[in-house]
Amino acid sequence: MPTHKTLVVPGLFPALPDSEVPAVPGLEKAWSQGDREVFGRPLTLAQWPPDGKTTSESVRRARETGVFHTAPHWLCADPIHLHVEGDGLILHDDYTFGLSAEESRGLREDLNAHFAVDGLYFHEVTPTRWLLGLSTLPEIETTPPLQRVGRNIDGHLPRGAQRGLWQARFNEIQMVLHDHPLNQAREARGQRVISGVWLWDEACTEPVHEVVESLRAPSAYGDAEGWVAALEDFLETHWRYWQAQLRQGTLETLTLVALEGRFSGQVVLRHSQRWRFWRKVLPLMQMPGVRPLRES
């Protein structure tokens, strides 16, 4: 067993009002009395660790899937549902819907047939995580979906020199999927239809520590009930176990890294500290460095 353990937990300080975050005595004591550090800027999981080896999310997926050498360039291309709200469209990813392997294959087959003339090809990473293989490098800027889920997509479609081309393709994908038999069947079952594909990419570092991602999506969506359920699972499956190892002396240090949401920073807990009882225990969302909800 290692003597030093690091858990990276994006969404641990969620994008929720303080009143919707319950008391978590063990975590509050840890963050109040351990060696706490607030990072100089908000960081996402893709940016951690800051000095790590950098690649892109699309290339990482292509290498892991074994298709990297089948195309010279890549974009992430994830199935999405677009909810009409007023005059806008609200982005939803697979946190709010499921997609079977058969459905994924059927949708991609029709998209690939339609876009073959343009040299575009959709690959599956998982049923709800796709890749788009390209013959030329797209001259666009994009927004990772977790930065926009649950909110209006206005201003977050592909931008840059080729924005016209890629926004047109975004719309064309919607047209191909609109009356697709698989979507008709989903609608008949009361399931969310697959409205389109979110085209994006971002630089990311190679993770070097264990990452617990279950709190990311509910934090990004502002889903208080889902976040509390994910927190309880994290406490049961990770926190209590490693806290016990630290208390017993099996671990010398336990480091929690919080990213995204309303706080980016870390706390280092040491077996030798035996807790610093003179430090006041603060509620989780009142720790120094927690950003106001409107800024997160």
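Predicted model: local features only at pLDDT ≥ 70, side-chain atom pairs only at ≥ 80, totals over all residues.

Colleague: Why is H92 called buried?

Modeller: Buried means under 20% relative accessible area. H92 has 11%, so the term buried applies.

Colleague: Which residues is H92 in contact with, leaving aside its neighbours within four places in sequence?

Modeller: Those residues are I80, H81, H83, F97, R192 and Y221.

Colleague: What makes H123 buried?

Modeller: The relative accessibility of H123 is 15%, and the limit is under 20%, so H123 counts as buried. H123 lies in strand β6, residues 121-126. Not counting residues up to four places away in sequence, H123 touches V67, T70, W74, R108, R129, W130, L131 and G133.

Colleague: Turning to the protein overall, how many helices and strands does the protein have?

Modeller: There are seven helices and 12 strands.

Colleague: How do you know that the protein is as compact as a globular protein of that length?

Modeller: The globule rule gives 19 Å for 296 residues, and the radius of gyration is 21 Å; the two values are close, so the protein is as compact as a globular protein of that length. Along its principal axes, the C-alpha trace spans about 70 × 40 × 35 Å. Of the 296 residues, 49% count as buried.

Colleague: What share of the contacts between residues at least 6 apart in sequence joins residues at least 24 apart?

Modeller: That share is 74%.

Colleague: How many aromatic pairs does the structure hold?

Modeller: The structure holds nine aromatic pairs. In one of them, F13 and F263 form a tilted pair, 4.6 Å centre to centre and with 40 degrees between the planes.

Colleague: Where do F13 and F263 lie in the chain?

Modeller: F13 is in the loop between β1 (4-10) and α1 (25-33), and F263 is in the loop between β11 (253-259) and β12 (265-270). The pair links distant parts of the chain, 250 residues apart.

Colleague: Why is the pair of F13 and F263 called tilted?

Modeller: Ring centres must lie within 6.5 Å to pair, while planes under 30 degrees apart count as stacked and over 60 as edge-to-face, the rest being tilted.

Colleague: What makes the pair of F170 and W198 edge-to-face?

Modeller: F170 and W198 are 6.1 Å apart centre to centre, with 85 degrees between the planes. F170 lies in helix α4 (residues 163-178) and W198 in strand β8 (residues 196-200), so the pair ties together parts that are 28 residues apart in sequence. F170 is buried, with a relative accessible area of 1%, and W198 is buried with a relative accessible area of 1%.

Colleague: Which peptide bond is cis?

Modeller: The bond from W48 to P49 is cis, with omega near -5 degrees. P49 is found in the loop between β2 (35-38) and β3 (54-56).

Note on methods: Residues numbered from 1 in each chain as written. Heavy atoms only, no water. Buried < 20%, exposed > 50% of the residue type's maximum accessible area, 1.4 Å probe, protein only. Contact = heavy atoms within 4.5 Å. Helix = DSSP H or I, 4+ residues; strand = E, 2+ residues; numbered from the N terminus. Rg over C-alpha atoms; globule rule 2.2 N^0.38 Å. Phe/Tyr/Trp six-rings, centres within 6.5 Å; stacked < 30°, edge-to-face > 60°.
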